[in-house]
Amino acid sequence: PARICAYQAEQVGYSVASSATTSDLSQAQILAFATRDGRRTQGAFGQCYARGGSLLSVYVLIDLREAKTADEARSILNRARDIASPIVANLAFADKQPSGFRDGLGEAALRGLGRDLALTFPKIWQVAINDFTGRLPAELHLTRTSAGKSTGAFWVAAQERAEQPDLDKLGPALIADYFAQQSKDAKAPELLVAGEDPLFKTVGIAARSFRFSLKDKAGKDAGDILATLFWHRSRLYVVSLWSPWSPSADSNVFYSRLPGLTAYDMVLTRLRAHVLE
């Protein structure tokens with residue numbers, strides 16, 4: 001829901017200013033604005049709900065064109081929020097079921113991390129390898145296929161590391177080694193972006209996020225890899241996602257990538273909560 005809410009707003013010319021999600025990621029809220037000549041002209045409160053395999057989006061739009069000052073714009077926003085909040089809070093569904101992914105999720109049990117951990121992800125992913133049976137190092141591999149063709153690879157790994165490693169150096173090396181073992185038809189991943197991961201920064205956990213581009217042996221685009229490494233209490237964790245589609249504004253590409261991005265968000269959120277318990 002968070003990614004769809006933001007995508008829908010951006011598709012009609014809004015930029016997301018703030019967002020929030022529930023702990024299970026089945027609901028999301030956004031505040032977004034459209035601007036002209038550097039001035040906010042429209043605002044939108046968005047609320048998105050996962051309903052099993054469906055999604056409901058509700059938006060309340062705010063006209064800010066008459067606001068002559070920042071205080072006036074803020075006053076209009078506050079009044080709009082007072083109108084929007086009851087609408088969202090009092091939505092009731094005929095089936096009387098709460099929001100959630102329900103039976104659309106698969107699960108993998110990870111053991112050896114102090115306490116057993118159940119990771120959930122969209123059922124479109126299949127468990128290929130899970131050797132989290134009680135000792136580290138251990139790996140979980142998830143795969144996606146369509147018409148016999150690979151459409152994604154997901155990797156979770158954990159190992160003991162007494163001292164905090166240099167994540168900036170380790171990340172590209174680990175991902176290059178991992179992907180070389182998965183595909184002989186692609187060139188080595190090329191690092192595009194590396195930075196501090198905001199999900200972990202807020203709780204004081206050392207973490208770095210990376211994005212790599214991929215090309216096949218003929219030099220054609222082969223998608224991208226997202227990866228996050230974090231170290232906490234003498235353990236290193238790695239989460240990576242390969243998608244054969246590179247990011248694009250095209251809606252077909254967005255929704256093709258979405259099951260992978262959803263799994264990525266779910267796994268990182270659950271791991272973060274697990275190591276903080």
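Ser 23 is exposed, with a relative accessible area of 70%; exposed means over 50%, buried under 20%, and partly exposed in between, computed with a 1.4 Å probe on protein chains only. The model is predicted, so local features need pLDDT of at least 70 and side-chain atom pairs count only at pLDDT 80 or more, whereas totals for chains, interfaces and linings use all residues. Residues are numbered from 1 along each chain as its sequence is written, and side-chain values use heavy atoms, with hydrogens and water left out.

Ser 23 is placed in the loop between E1 and E2; helices (H or I, at least four residues) and strands (E, at least two) are DSSP runs numbered from the N terminus. Leu 25 is buried, at a relative accessible area of 16%, and has a positive phi of about 65° although it is not a glycine.

## Packing of helix H1 on helix H5

Two packed helices are described by the angle between their axes and the distance between the axes. For helix H1 (residues 2-11) and helix H5 (residues 251-276), the angle is about 150° and the axes are 10 Å apart. Axes are lines fitted to C-alpha atoms, for helices over the stretch in contact, and angles run from 0 to 180 degrees between N-to-C directions. H1 and H5 are therefore roughly antiparallel to each other; the term applies to angles over 145 degrees, while those under 35 count as roughly parallel, 65 to 115 as roughly perpendicular and the rest as oblique. The crossing of H1 past H5 is right-handed, that is, the near helix is turned clockwise from the far one by less than a right angle.

From H1, the residues Arg 3, Ile 4, Tyr 7 and Gln 8 meet Ser 251, Phe 254, Tyr 255, Leu 258, Leu 261 and Asp 265 of H5; contact means heavy atoms within 4.5 Å. The residues of this contact divide into six nonpolar, two polar and two charged. Ala, Val, Leu, Ile, Met, Phe, Trp, Tyr, Cys and Pro count here as nonpolar, Asp, Glu, Lys and Arg as charged, and the others, Gly among them, as polar. Buried in H1 are Ile 4, Cys 5, Ala 6, Tyr 7 and Ala 9. Their cover includes H5 together with strands E1 (15-21), E2 (27-36), E3 (39-51) and E4 (54-63). Just after H1, Gly 13 has a positive phi of about 95°.

## The sheet E1-E2-E3-E4

An open sheet is formed by four strands in the order E1-E2-E3-E4, with antiparallel pairing; two strands pair if DSSP finds at least two bridges between them. E1 and E4 are the edge strands, each pairing on one side only. On average, neighbouring strands of this sheet are turned by 15° against each other, direction ignored.

E3 and E4 run antiparallel and are joined by ten bridges. Gly 43 stands opposite Ile 62 in E4. Helix H2 (residues 70-89) lies across E2, E3 and E4 and runs at about 15° to E3.

E10 and strand E11 (residues 206-215) pair in the antiparallel sense through six bridges, and Ala 194 stands opposite Phe 210 in E11. Gly 195 belongs to strand E10 (residues 190-196) and counts as partly exposed at 22% relative accessibility. Gly 195 and Arg 208 are 13 residues apart in sequence, and their C-alpha atoms are 5.6 Å apart in space. Not counting residues up to four places away in sequence, Gly 195 touches Ala 207, Arg 208 and Ser 209.

E11 is in turn joined to strand E12 (residues 221-232) by nine bridges, and these strands run antiparallel. Lys 215 stands opposite Asp 221 in E12. The hairpin of E11 and E12 has five residues between the strands, among them Gly 219 with a positive phi near 90°.

## Further backbone features

Most residues other than glycine have a negative phi, and most peptide bonds are trans. Lys 96 has a positive phi of about 60° although it is not a glycine. This residue, Lys 96, lies in the loop between H2 and strand E5 (105-110) and is exposed at 74% relative accessibility.

The peptide bond from Leu 136 to Pro 137 is cis, with omega near 5°. Pro 137 is located in the loop between strand E7 (126-130) and strand E8 (138-146).
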